[in-house]
Amino acid sequence: MTAAAFTPGLSHAQRNISGTPEIQLALRKVNTLGGVLMIAAHPDDENSALLAYYTRGRNVRTGYLSLTRGEGGQNLIGSEQGGLLGVIRTQELLAARRIDGAEQFFTRAIDFGFSKSADETLGKWGREKVLSDIVWVIRRFRPDAIVLRFSGTPRDGHGQHQSSAMLGKEAFAAAADRSRFPEQLRYVEPWQATRLMWNVFSFTRDQEKEAEAMPHRIAVDTGEFNPLLGKSYAEIAGISRSMHRSQGMGASERRGPSVNFLVTIAGQAAEKDTFDGVDLTWNRVKGGEAVGAILAEAERTFDAQHPEKTIPLLLKARPLIAAMEDRLVKRKLEDLDEAIALCAGLWLDARADRYTAVPGSTLKIDLEAINRSHHPLHRPVYRVSGAGHSVSGGAQTEGANVLGYNEAGHAEFTWEVPADAHYSQPFWLQKPHAADTYDVTDQNLIGAADDVPWLTANFTFDFGGASITFRRPVHFRYVDPTEGEMTRAVVIVPPVAVNLAEHVEIFPREAPKRIEIELKANTADTAGDLRLELPQGWRAEPGLQQFRLSQPGDEQTLSFSVTPPKNEAQGKLRAIARVNGKEISSGMTVTAFPHFPPQATFPPAQAKLERANVVIEARKIGYVMGAGDQVPESLRQIGCEVTLLSPRDLAERNLAEFDAIVTGVRAYNVRPDLRANQQRLLDYVDAGGTMIVQYNVLQGFFGRSDSTELNRIGPYPLKVGRARVSVEEAPVALPDPGHPLLAAPNRITPEDFTGWIQERGLYFASEWDPHYQPVLEAHDPDEKPQPGGMLYARYGKGIYIFTAYSWFRQLPAGVPGAYRIFANMLSARGAGAGARSAAVR
Ligand SMILES: [Zn+2]
């Protein structure tokens with residue numbers, strides 16, 4: 001019966017649990033009152049096994065509050081960074097929660113990259129803002145227990161980890177205090193959780209010993225087998241955790257015992273169980289005893305072959321719950337109604353005829369209800385409503401008067417999309433943010449993981465006197481030839497997307513540059529004109545261009561010649577299309593991966609303009625793409641011809657044609673062909689070539705971590721370490737100011753280290769052969785100098801440079817100094833420079 005109940009690897013259109021286990025879990029959930037909220041800093045910090053244990057095993061409402069969306073991490077599945085990476089990780093967390101059953105929340109805090117101290121973290125976020133968000137989520141969620149993943153001490157490592165626990169501790173008390181964040185009390189009441197716990201982790205034997213001695217320590221075995229699910233919670237966690245694909249978090253499904261420890265750090269101490277002293281039954285609310293008795297009977301008498309027989313008992317409990325005032329109970333009514341829908345085998349679906357809609361257009365919506373039980377459904381009423389906007393054209397339709405077994409009811413609606421509807425940008429990305437927190441001002445959106453759907457379908461049935469309304473999102477359902485049936489959200493899109501190839505444009509000289517704008521139609525017969533808005537002193541030719549696109553999906557690229565001012569300057573370019581008298585200055589990006597529904601985002605059609613003097617004496621660059629970065633596009637901006645080197649190129653091509661060969665970030669970690677052709681590359685250097693190696697991570701280096709393999713990254717022994725400089729303003733010293741890399745063709749000065757973002761660098765070399773010369777030296781506050789970030793060596797007639805500074809962040813961000821230093825590396829010449837291509841001036 002339960003063998004196929006828990007099916008991993010289902011497409012996002014399907015449910016992970018269905019049939020009897022789903023109904024029985026729903027019945028248990030309705031009859032359990034209580035909640036637990038876990039707090040940490042990032043996607044992947046959560047203890048998925050513990051979440052599965054609470055929600056699937058204890059049937060309590062379970063949430064994970066990740067302070068950030070993980071924007072600052074490294075992306076292992078694509079080149080998306082920053083906000084887009086946050087979108088991917090948000091969806092990965094939601095995919096994980098669909099498996100472990102917990103709910104997902106976030107604060108407005110942004111993951112700005114690795115931070116060594118809580119002080120730096122809290123300074124960047126603004127302590128009060130993030131604290132208020134945690135308090136808000138607690139007050140809305142009303143958990144009995146709050147579980148912290150971190151300790152709030154330097155033991156946690158990452159400053160953002162430390163901060164999540166420090167703020168979590170403060171929020172535990174603040175949520176109950178009327179004088180803290182009183183503006184929230186318009187919507188919520190203060191809430192005192194019973195206890196605050198720490199889910200202890202130990203890395204060393206000493207830490208283990210320390211943990212064993214902690215008072216009020218309780219154990220939770222997430223290896224416990226749940227026969228209804230056919231899995232243990234640790235097994236479920238393996239599947240859930242494997243959704244964190246952008247972090248390479250594929251995890252095993254662990255079987256056998258798996259003990260977790262929790263210690264109480266505030267509130268009533270727990271001696272045996274997370275919920276010691278907490279009544280998880282209906283007895284905890286006034287008048288609840290009768291409800292509990294009815295629901296217990298429903299669980300006891302449930303008949304897997306005839307789930308509809310349970311409906312009368314649920315209907316008996318319903319008016320009792322509906323009459324209660326208690327806030328804890330509000331959500332229970334929804335849980336009860338969903339349990340009724342499951343027992344009635346209700347299939348309720350609302351599908352739009354397409355997934356994109358342009359403001360001012362119309363969308364057709366088909367509602368379908370199928371009764372897959374022998375419990376007749378009376379007087380169905382179908383409606384569609386929108387969040388803050390109305391649905392015109394038959395907003396209410398009555399179908400057949402009764403739906404019998406396997407009978408379907410249909411209703412069709414037409415939605416006139418408001419002419420002023422805003423595009424479906426995720427709510428946290430709608431406004432530009434100044435610091436390291438998102439600008440979200442609608443209190444009711446704070447804490448939410450994702451947008452609410454534009455439209456909601458309401459299906460109302462009469463259950464023998466009780467009128468119950470079930471809500472479902474209006475979405476697009478389609479069949480993918482390889483993946484099968486899928487769903488995706490309906491999004492409001494501009495009639496024409498104005499996409500910029502680059503969001504940073506570097507002008508290394510006074511010469512004009514072609515800027516291309518790609519227009520992509522989202523609707524038929526789109527015509528209009530396009531112009532560029534530029535700062536004073538900048539010129540575009542032509543001033544205005546016409547376009548005409550006949551079919552949705554059609555593209556047209558228009559190009560402008562932009563002339564910068566003579567002297568160094570910065571500014572902003574905006575591309576503006578005008579269609580039917582309306583201005584459009586928004587692009588559209590669809591991020592699609594197999595593990596979550598496609599996500600549309602709408603970046604402003606803007607680019608940063610940077611007129612900075614960058615001299616480069618290299619033209620032809622070979623690039624070995626690693627895990628994914630945008631360095632090649634950046635190098636093209638300063639006049640390089642960049643060739644992405646394929647495995648075949650590395651094995652066979654004559655590399656002497658390149659002025660320099662650059663390896664992308666983590667190339668040695670992900671390109672076996674690069675490792676295999678290392679000797680060819682070193683021969684290229686030996687013969688007079690220039691090779692630049694960007695950062696690689698220590699884990700999985702050459703597939704293993706023994707030092708002989710590590711030594712092979714350069715022509716002489718060199719060991720990659722773990723040192724990083726995470727403060728982007730950390731001073732950079734030049735141990736040898738006369739070094740050729742700092743002298744020409746661009747003279748490098750301290751000014752070139754200003755305006756950097758996120759970090760200086762990561763995975764610096766820890767040891768190196770004396771043939772290497774350290775060129776730059778930096779370190780985080782209160783740490784010793786780290787000279788291993790940029791090493792230069794002559795080898796044969798050529799030059800080899802190891803550089804773990806974060807060029808992959810600085811170049812796409814348009815940091816002028818980073819361009820100048822990178823140009824110097826590319827221009828570096830050994831003794832064999834004679835035969836190289838002419839300098840680009
Ligand atoms: Zn983390």
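In the predicted model, the side chains of glutamate 583 and arginine 531 form a salt bridge, with an N to O distance of 3.1 Å. The two residues belong to distant parts of the chain, 52 residues apart: glutamate 583 is in strand β30 (residues 582-584) and arginine 531 in strand β25 (residues 526-533). Glutamate 583 is partly exposed, at 40% relative accessibility. Arginine 531 is likewise partly exposed, with a relative accessible area of 28%.

Lysine 124 is located in helix α4 (residues 118-125), whereas glutamate 728 is in the loop between β38 (718-720) and β39 (732-733), so the pair ties together parts of the chain separated by 604 residues in sequence. Both side chains fall below the 20% cut-off for burial: lysine 124 is buried because its relative accessibility is 17%, and glutamate 728 is buried with a relative accessible area of 10%.

A further salt bridge is formed between glutamate 338 and arginine 472, at 3.0 Å from N to O. Here glutamate 338 comes from helix α11 (residues 327-343) and arginine 472 from strand β18 (residues 466-473), so a helix and a strand are tied together by residues 134 apart in sequence. Glutamate 338 is partly exposed, its relative accessible area being 32%.

Strands β22, β24, β28 and β26, in that order, make up an open sheet with antiparallel pairing. The edge positions are taken by β22 (496-500) and β26 (539-541); each has a single partner strand, so one side of each is left without a neighbour in the sheet. On average, neighbouring strands of the sheet are turned by 30° against each other when direction is ignored. Within the sheet, strand β24 (residues 513-521) and strand β28 (residues 555-563) run antiparallel and are joined by eight bridges. Isoleucine 517 has leucine 558 of β28 as its bridge partner.

Glutamine 162 is part of helix α6 (residues 159-174). With a relative accessibility of 7%, glutamine 162 counts as buried. Leaving aside residues up to four places away in sequence, the residues touched by glutamine 162 are Lys116, Ala118, Gly152, Thr153, Pro154, Asp156 and Gly157.

As to model confidence, the protein chain has a mean pLDDT of 91, and 94% of its residues reach 70 or more. The pLDDT is below 50 over residues 702-707, a stretch that has 10 contacts in the model beyond near neighbours in sequence. Residues 832-841 also have pLDDT under 50; for this stretch the model has 20 contacts beyond four places in sequence. Where pLDDT is low, predicted coordinates should not be read in detail.

Key
Residues are numbered from 1 along each chain as its sequence is written. This is a predicted model: local features need pLDDT of at least 70, side-chain atom pairs count only at pLDDT 80 or more; totals for chains, interfaces and linings use all residues. Side-chain values use heavy atoms; hydrogens and water are left out. Helices (H or I, at least four residues) and strands (E, at least two) are DSSP runs, numbered from the N terminus. Buried means under 20% relative accessible area, exposed over 50%, partly exposed in between (1.4 Å probe, protein chains only). A salt bridge is a side-chain nitrogen of Lys or Arg within 4 Å of a carboxyl oxygen of Asp or Glu. Two strands pair if DSSP finds at least two bridges between them. Axes are lines fitted to C-alpha atoms, for helices over the stretch in contact, and angles run from 0 to 180 degrees between N-to-C directions. pLDDT is the predictor's confidence in each residue, from 0 to 100. Contact means heavy atoms within 4.5 Å.
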